[in-house]
Amino acid sequence: MSSFLRDVLIVADEQEKADLGEQIETIKKEITKLKSVISEFMKDKYAELEPNLKPDEMLLENSEMLVGNMRHLQNRINDQMKVRLLSSSKELQTLSQELKEYNYSLFLSNQLLEIHKAFESIESYKSNKVNQYTSAAITLVQLHQLVIENDSDIRQLNIYESIKHEYQSMYDNFISEVTALWQEKVFWSDEKESKNTVSLHINVDSDKLTDITNALHHVNRLTRCIETLSSKLLMNFIDPLVHCECTVECTDKSFSLQVVNKKKIPEYKAVFENLKLFYKFLHQHFNIHIENEFFLEKLSSPLLEEFSRILTVGCISKIIPTSTAELEIFANIVLEIQQFQDYLVEIKFITEEQKFLSKYTNNIDNLYIDKKCEKLLEVARSIMKKDLHDSFRYKPERLEELIFEENDNIIIDPKLSRHTFFLPECQISKSTEEILRLVKDILEEACHSSDKYVSRLFYTSRNIMEMYAALVPEIHRSFLETIPQQVAIFHNNCFYLAHHLLTLAYKYKSKMPNLSQDFSIIYSDQILLLREVGSEYFLNHMKYQRDIIFEILRESGLSSIGQMPELPVTTERSLRQCIRQLELLKTVWIEILPIKVYCRALGCIVNDMADDICAKLISVEDIPADVASELVTLFNMVVKRIPQIFPEPALIEQHVQKWRKLKELIIILGASLKEIEDRWADGKGPLANEFSPQHVKQLIRALFQNTERRSNLLSKIKEK
C-alpha cells in the first residue's frame, strides 16, 4: 500500500512540474509579446513623439492579468519547493529564477503603462467640468514621483529621456496656464493718475476659483501668488484706508477705493467700517478650503505683521486718550475694536492666539501715560520753536514763600536780604513763560493722579527742561550766533527757568501721592544745566563781539605808529567804529539784560578793548610828538563817550579794570618827563599801579629823545 502511494505521489509531482513548465512557457510567450507591443507603443509615443492620444486599456488589463498569473505560479512553486526541496530543488530553482527575470521585465513594462496613463489623464483635463485643474495638478504630482523621484531601473531605458522631456514640457505648460488663469480671474485696475482710484476684480465663480487655487497649491505656486496679492492689498487698500480719507465701493465682483485727501487722517470709525467691508469682500470670494487650512489663513501669514503695525500705529495709537475724561470714553472704543477683531477671527484671518488688537488695548494704562507724556513733549517742542524775541518785561512782584517741612532741617539766615531770592527785572520770551506754565500744570496733574502715573508725569517735566536746554539752541542756532538781542533773551530765559526750578520741588513735594516718596523730586541738575547753557551761549557771543572790536582795532594802524610822520586816517575811524559798536550793544542789551549782568558784559568787552589799545601802544618803538598829541585827543574822545554806555558813567571804574590803565596811557602820551616821574613816584604812584617798569621805560623811549634827563629817569624806574 505504501509503495502504491509513493508511486502516486511521484506521478502527481511529475504532472505538477510538467504543468508548471507548460504555464511558464505560456507566460514567457505572453510577456515577450507584451514587451514587444509596449516597446513599439512607447517608441511611437515618446521617442518619435507621434500624436496618439487613444488610451490603451487592453494593454494595461493584459499586464495586470499576467501579473496575477505570475503571482499564482510563484506561490505554487514555493509550495512545491517546500515539499520536494531535496529531490527537485535544482529544477524548481531554475524555474523560479526564470520567473523572477520575466517578473522584473513585466514590472518595468507596468511602470511604463502607468506613466502613459498619467500622461493621457493630464492631456484630457480640459474636458473635465469639476475640479479639472486640481485633478490635473494632483496627477502631475504623481507623475513627478514616477518620472523624477522614482529611483528605479526605468532611468536606464533609452526612452527615459524622452519621457522626462515630455513630462517637463507638460508641467511647464500647465504651470503657465493655471498661473495666467489666476491673473486673469483675480486682477487689478489702476486709475491713480486720473481719478486716484484702484480696484480689485474677481471675475470667476467660487467653484472655479477654488479649483484654480487648489491646483496652484498642489504645484507649489500658491505661496507666490499669495505674497504678490498681500503686498498689493497692503499698498493699494490697507495703507490708504488707515492713513487717508477714502471712499470705497464694493460689488459682487469688485472692490474699489478712491483716495479723496491724502493728507487728512480719517476717523477711527471710518477706518474700521471700511476695513470690515474690505475683509468681507475677501471672505466672500476666498472662503476656500485648502487641505487642512483656509485661504485667508494662508493670506494672513505674509499680511498680518505689517497690517497690525499699520492699524495700531496709524490709527489706534492716535485715538489713545490723553486725559482722564477721554480715558473713560475710550472703553466704548475698545468694544468697537474688539468687535472688528472678533470678525477677523470668525473669517479665519487670525486665530484666538493672534488677537493683536487685544494685546494692544489691554495695556491701556501704559498706552495712556505714554501717549499723554508724548503729547506733552510735542506741546513743549512746538512752544520752543516760537520766536525768542516775542517777549515781555519780567518784574518780580513779591518774594515767593518756600514751604519747608519739619524734617527738612533748613534754617534761613535772618541776615539775608529780603531780595535774596528775587530774579532781577529783565526781558523774558513769552514761550519760556509757556514752558514754565506747562511744567506746573504737569506737576498739578501728578498731584491728583493715581500712583502709577505720578513718576512718569514728574520725569516728563524734567525731560521738558532738559529738552529746552538741548533743543532751543539748535532751533535758533543761527540767531544765537549772530544777533545780540536773541542771545541775551535766551540767557535770561535759562536763568528764569532755573530760578523757578529752585522752588518747584518744595512746592509739590508734600502734594504728591505716597508713591512719589520712592524717588526724589528734585530739579537741581536741571538748574545747573540751564545756567551752564545760558551762560555758555552768552559768553560765546561776548567773545564774538570782542573779536569784532579786535578786528576793527587791527585796521586802526596803532601798531604801525612811528613808521610814518603822521597818524593814519584809519585810527580815528576805527576808534569811532568801536564806540558805535559798543553803543549798538547798549541799545539792544540795556532793556533786556538785568542791570548787573549788562554792566559786567559791557565791562568785559570794554576792558579787553582798553587792554588791546594799551598793548598796541606799548609795542611801538617811536611815537612822534605830533602823533602823541593826536592820540591824546582821540583817546580823550573814547574816555568821554564810552562811560555813557553804562547806566551811570561812574560804574565804568567798577566794571572795567583796565580803564585806569587807559587813562594813565593818555596822561603819559601828553606828559613831560617830570610829570611821568611824579606819577611813577618810585614805584608807588598811580602809573606804577597800571604799568610795569619795563612798559613804562618802553613808552618813555618811544616818546622822548635820548637825553641825559631821560637816562636819569630810566635809571630810576627799576624792576620790582
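This predicted model has a mean pLDDT of 83 for the protein, with 76% of residues at 70 or more; pLDDT is the predictor's confidence in each residue, from 0 to 100. Where pLDDT is low, the predicted coordinates should not be read in detail.

Residues are numbered from 1 along each chain as its sequence is written, and side-chain values use heavy atoms, leaving out hydrogens and water. Local features need pLDDT of at least 70 and side-chain atom pairs 80 or more, while totals for chains, interfaces and linings use all residues.

Now for the overall build. The protein holds 26 helices and eight strands, taken as DSSP runs (helices H or I, at least four residues; strands E, at least two) and numbered from the N terminus. Of its 720 residues, 45% are buried, meaning under 20% relative accessible area with a 1.4 Å probe, protein chains only. Among contacts with a separation of 6 or more, 75% link residues 24 or more positions apart.

Helix H23 (residues 673–680) is worth a visit: Leu673, Ile676 and Trp680 are buried there. They sit on the same side of H23 because they cover an arc of only 60° around the axis, judged by directions from the helix axis to the C-beta atoms. The buried residues of H23 pack against these helices:

| Helix | Residues |
|---|---|
| H22 | residues 659–670 |
| H24 | residues 686–690 |
| H25 | residues 693–703 |
| H26 | residues 708–716 |

Ala681 follows H23 and has a positive phi, near 50°.

Notes:
Buried < 20%, exposed > 50% of the residue type's maximum accessible area, 1.4 Å probe, protein only. Contact = heavy atoms within 4.5 Å.
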